[in-house]
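Please read the following note alongside the sequence and the model. The points are numbered so that each can be checked in turn.

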Amino acid sequence: MARLPFGGAIGFFVLLLALFGARMLCCPLPEESLPSYYGPLGTLIGDVADQHRTLSLALSALIVFASALAIARITTQRLLFGVRTYLPFIAYVMFACGVALPSAPLIPLSAAFLIIRGTEKYIRGFTRQPNYDLCFRGSGLIGMAGLVWLPAFWFMLMTPAAMMLFRRDSREAVISLLGVTLPVVTACYLTLLAGGGFFDPVRDAVSLVNFGAVDIGAIIALGYLRLGFIAVTAVIVLLSVVYMLRHRSVRFRQRRIFAYFLSFVPVCAFVSLCCVAEWGMFPFWAATVSVVLPLWPTASPGKSRNILMGLWVLLAVAANALPLAGVVI
């Protein structure tokens with residue numbers, strides 16, 4: 001699968017997306033029907049999506065494709081792996097949609113797309129020659145994500161991580177911080193004009209924090225196939241991180257990009273465990289998984305890689321195909 005040509009990768013992507021979408025529509029998990037936490041922009045998008053369900057699902061599929069394509073573009077243009085591979089393209093759809101999704105997936109998928117596009121501009125902006133325009137626009141997209149889906153507000157914390165990993169001078173830091181806060185300040189001002197409180201958008205995001213929000217029963221309800229898929233994914237990601245740390249063939253610039261995507265993990269964990277964020281978090285986790293996971297399979301060919309990658313795909317397909325066949329998992 002790591003050696004699939006681009007045409008084969010697109011075909012496999014479409015088949016997986018069709019399977020995952022059919023499972024979500026025909027056999028949804030109970031938690032997938034919970035309401036999403038729309039931000040100010042997300043409320044407007046959600047009202048339109050609720051009135052045009054088919055259009056909403058079609059746009060969701062296009063956004064998943066665009067997000068996966070952006071991830072593939074980051075990995076291929078920056079030569080993160082020793083060989084050309086479209087495994088990140090496939091890995092994104094598998095983890096973003098293969099475990100669980102809300103019944104109205106457009107909003108969290110849109111927020112995740114803004115985070116990925118903002119990250120792509122970050123990486124392009126922090127080069128040998130400062131590019132303040134890309135830094136500002138990348139930060140602005142990340143700040144805007146929280147206005148679409150409230151739990152994504154906490155990804156503004158990614159800006160300090162980018163500053164530490166990529167910054168060359170203080171002007172880039174100031175411009176990036178300005179870009180990430182400008183959408184939030186604008187939303188606060190518009191809320192004030194509409195008769196609300198100035199800090200209402202920020203207060204809504206902070207109010208989601210609940211350190212007792214972890215629902216072990218909901219996690220167990222995912223079933224052993226989905227939990228097995230998550231476990232195998234974690235093992236392959238861990239093997240890729242170990243490979244990155246132990247092998248000098250991974251250059252410093254590549255390490256910085258891997259480190260930036262790995263810095264998603266604490267933010268994703270915090271939002272997933274403490275912000276009552278339902279299954280809409282998987283597209284955000286998928287950003288890290290799709291960038292880091294392919295490193296070990298592409299760099300360490302062999303029987304163990306083939307077995308583990310085959311198990312990874314099999315678990316994802318079985319977890320979604322068996323419910324469609326009426327099998328309880």
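Predicted model: local features only at pLDDT ≥ 70, side-chain atom pairs only at ≥ 80, totals over all residues.

In which loop does Gly39 lie? Residues are numbered from 1 along each chain as its sequence is written, and side-chain values use heavy atoms, with hydrogens and water left out.

1. Gly39 lies in the loop between helix H1 (6–26) and helix H2 (40–51), where helices (H or I, at least four residues) are DSSP runs numbered from the N terminus. Gly39 counts as buried because its relative accessibility is 2%; buried means under 20% relative accessible area, exposed over 50%, and partly exposed in between, with a 1.4 Å probe and protein chains only. Leaving aside residues up to four places away in sequence, Gly39 touches Gly146, Leu147, Val148, Trp149 and Leu150, a contact being heavy atoms within 4.5 Å.

2. Helix H6 (residues 132–148) packs with helix H8 (residues 170–193) at an angle of about 30 degrees, and their axes are 7 Å apart. Here the axes are lines fitted to C-alpha atoms, for helices over the stretch in contact, and angles run from 0 to 180 degrees between N-to-C directions. Among the residues that meet are Phe136, Ile142 and Leu147 in H6, and Ile175, Leu178 and Val184 in H8. By class, this contact of H6 with H8 has 13 nonpolar, five polar and two charged residues, where Ala, Val, Leu, Ile, Met, Phe, Trp, Tyr, Cys and Pro count as nonpolar, Asp, Glu, Lys and Arg as charged, and the others, Gly among them, as polar.

3. The count of aromatic pairs comes to 19, under a rule by which rings of Phe, Tyr and Trp (its six-membered ring) pair if their centres lie within 6.5 Å, with planes under 30 degrees apart counted as stacked, over 60 as edge-to-face and the rest as tilted. Phe6 and Tyr86 form a tilted pair, with 5.0 Å centre to centre and 55 degrees between the planes. Phe6 lies in helix H1 and Tyr86 in the loop between helix H3 (53–77) and helix H4 (87–97), so this pair ties together parts that are 80 residues apart in sequence. Phe6 is partly exposed at 33% relative accessibility, whereas Tyr86 is buried at 16%.

4. Phe155 and Phe284 form a stacked pair, 5.0 Å centre to centre with 25 degrees between the planes. Because Phe155 lies in the loop between H6 and helix H7 (158–166) and Phe284 in helix H14 (residues 282–292), the pair ties together parts that are 129 residues apart in sequence. Phe155 is buried at 0% relative accessibility, and Phe284 is buried at 1%. Both belong to one aromatic cluster, which also includes Tyr122, Trp149, Tyr260, Phe261 and Phe264.

5. The largest nonpolar core has 101 residues, and those with the most contacts inside it are Phe155, Phe284 and Trp312; such a core is a set of buried Ala, Val, Leu, Ile, Met, Phe, Trp, Tyr and Cys residues joined through side-chain atoms within 4.5 Å. Not counting residues up to four places away in sequence, Trp312 touches residues including Leu87, Ala91 and Met94.

Conventions. Helix = DSSP H or I, 4+ residues; strand = E, 2+ residues; numbered from the N terminus.
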